Amino acid sequence: KSLFEALTYEQASRRNVVIVGRGAQVVLHGLPGVFSVGFVASRDVRIKRLMQKLSVSQEDAEYYLDKYDLERTRLIKIVFGTDPTDVLLYDLLVNTDHYTAENAADLVAHAIEKVEKIPDADAMAEKLKHMALANRVEALVRKKLSSAAAQHIDMSAEAGGRIIISGHVRERSQKEKIAHLAASFPGVTQVDNQLKVTDLTFGV
């Protein structure tokens with residue numbers, strides 16, 4: 001999850017970008033300056049489009065559609081614990097049954113023009129970079145430690161490459177290893193290790 005989020009934050013920090021899929025509607029939900037669009041169509045229309053695009057039979061198109069929808073929904077639920085069909089994740093839902101791709105794009109562009117602009121885009125871009133760095137470090141820690149050891153840790157980042165680690169672990173050695181991993185990550189200049197050790201033998 002952390003790596004997915006880091007990649008999305010990095011892309012978003014470039015400003016004026018279009019991010020297709022990858023759970024971006026979940027990761028960026030509620031952030032200023034973000035406009036999430038969902039495209040839907042009836043099953044019959046989607047099947048016909050797949051038949052034309054892939055030059056396959058109706059049976060093959062139905063199989064592909066069901067498989068894709070199941071895998072996409074399952075991935076988002078596993079990684080983010082969220083249902084991607086939740087309409088509240090989107091600022092705009094476009095039913096493309098009666099829209100061409102060009103007309104749907106025009107509709108989205110018009111809607112975006114009406115969105116209130118954020119007052120300080122530079123500050124938001126920097127915040128996204130900090131969030132990306134924190135999630136990159138967290139992804140590294142979760143990769144190097146067992147799932148149980150890294151289950152209750154959180155990372156945040158501040159200007160200048162300062163990483164703040166919070167949460168709790170069972171052993172002091174885990175706390176020290178996490179700090180070492182964070183400090184070794186490119187771009188990190190300082191680590192504020194606020195982890196608590198819960199094991200009674202090594203409690204703080």
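What percentage of the 204 residues in the chain is buried? I get 32%, taking buried as under 20% relative accessible area, exposed as over 50% and partly exposed as in between (1.4 Å probe, protein chains only).

Ground rules first. I'm on a predicted model, where local features need pLDDT of at least 70 and side-chain atom pairs count only at pLDDT 80 or more, while totals for chains, interfaces and linings use all residues. Numbering runs from 1 along each chain as its sequence is written, and side-chain values use heavy atoms, with hydrogens and water left out.

**Fold.** I count seven helices and six strands (DSSP runs: H or I of at least four residues, E of at least two, numbered from the N terminus). Along the sequence they read α-α-β-α-α-β-α-α-β-β-α-β-β. The radius of gyration is 21 Å, well over the 17 Å from the globule rule, so the chain is more spread out than a compact globule. That radius is over C-alpha atoms, and the rule is 2.2 Å times the number of residues to the power 0.38. The C-alpha trace spans about 65 × 45 × 25 Å along its principal axes.

**Aromatics.** I searched the whole structure and found two pairs (Phe, Tyr or Trp rings, the six-membered one for Trp, with centres within 6.5 Å; planes under 30 degrees apart are stacked, over 60 edge-to-face, the rest tilted). Phe4 and Phe80 sit edge-to-face, at 6.2 Å and 75 degrees. They link helix α1 (residues 2–12) to helix α4 (residues 58–80), 76 residues apart. Phe80 is buried at 11%, whereas Phe4 is partly exposed at 35%. Tyr64 and Tyr68 are stacked, because their centres lie 6.5 Å apart with planes at 10 degrees. Both are in helix α4, four residues or about one helical turn apart.
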